[in-house]
Amino acid sequence: MGASQCSQTHPQKYKQYEDFADRTGFSLEQINNLHKRFRQLSDNTETISRENLENIPALANNPLRKQIIGAFFDKRNQHEEEVGSIQEIGFQQFLMVMSHFRPPGLKMTEEEKEAMRKEKLRFLFNMHDTDNDGTITVDEYRKVVEELMSNNDIGQEAAKAIADAAMLEVASINMPHMGPDDFYEGITFEHFEQILKGLEMESRMNVRFLDVDTSTMRCGKGK
């Protein structure tokens, strides 16, 4: 349904979509398409639960399945100044999370692209900072490594060793003057930014597991 048709048939929905477009950068048509997918996932109810996302076949063998699903229910990803998690989300909350996966618009300024990049990095950081304390600890990082390697023939001790070695390398970069008895508390968001500084991710962080190809979703509102 195009924007003009939506405004003629559902004026109240059109007004709401306009507000969503201003907040997310999606066009009205994109929002309408995402709403259709939301209704499919929620079995035509007003909210989506974790169970709804857990039943998506494309997510079944994803090693980061737990983190991906958790990200949709993490208040930090709802563009709100809140922390913690919720049990169910409505369409607006779903849309706020999906907006993290938009590729940069063709007419975006460098400043806008940098802001988008930082937003995506913060989203990824939140996925790994599972206890909301602003730091990715060794234990949290170990869990991620173990899950990433869960489909490989590698034991838990080997995964632990790999995670510890990686964290030690990060510590040596971010805190080069650590003494032998110093304790590295973990990766802060500032450290996380430095680690991924050279990685081009603005157009690569897409979502296909929801049967929504965000790689083709250019920003709306002329961006």
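Modeller: Asp 43 counts as exposed, at 58% relative accessibility (exposed is over 50%, buried under 20%, partly exposed in between, with a 1.4 Å probe and protein chains only). This is a predicted model, so local features need pLDDT of at least 70 and side-chain atom pairs 80 or more, while totals for chains, interfaces and linings use all residues. Numbering starts from 1 along each chain, and side-chain values use heavy atoms, without hydrogens or water.

Colleague: Which loop is Asp 43 in?

Modeller: Asp 43 sits between α3 and β1 (48-49). Helices here are DSSP runs of H or I, at least four residues, and strands are E, at least two, numbered from the N terminus.

Colleague: What is the phi of Asp 43?

Modeller: Positive, about 55 degrees, although Asp 43 is not a glycine. Asn 44 is no glycine either, and its phi is positive too, about 60 degrees. Asn 44 belongs to the loop between α3 and β1.

Colleague: And is Asn 44 buried or exposed?

Modeller: Exposed, since Asn 44 has a relative accessible area of 56%.

Colleague: New topic. At what angle do α3 and α6 pack?

Modeller: About 115 degrees. The axes of α3 (residues 28-41) and α6 (residues 91-98) are 10 Å apart. Axes are fitted to C-alpha atoms over the stretch in contact, and angles run from 0 to 180 degrees between N-to-C directions.

Colleague: Which residues make that contact?

Modeller: From α3, Ile 31, Leu 34, His 35, Phe 38 and Leu 41. From α6, Phe 91, Phe 94, Leu 95 and Met 98. Contact means heavy atoms within 4.5 Å. By class, eight are nonpolar, one is polar and none is charged.

Colleague: What does His 35 touch?

Modeller: Tyr 17 and Phe 91, leaving out residues up to four places away in sequence. His 35 and Gln 92 are 57 residues apart in sequence, with their C-alpha atoms 9.3 Å apart.

Colleague: Now pockets. What volume does the largest pocket have?

Modeller: About 450 Å³. A pocket is an open set of 1 Å grid points where a 1.4 Å probe fits, with protein on both sides within 12 Å along at least five of seven lines; lining residues have an atom within 4 Å of a point.

Colleague: Which lining residues are closest to the centre of the largest pocket?

Modeller: Lys 66, Gln 67, Gly 70, Met 127 and Thr 130, out of 23 lining residues.

Colleague: Which element gives the largest share of that lining?

Modeller: Helix α5, with six residues. Elements giving two or more include α4 (50-54), α7 (110-128) and α8 (138-148).

Terms used:
Points joined across faces, edges and corners; volume = space filled by probe spheres on them. Nonpolar A, V, L, I, M, F, W, Y, C, P; charged D, E, K, R; others polar.
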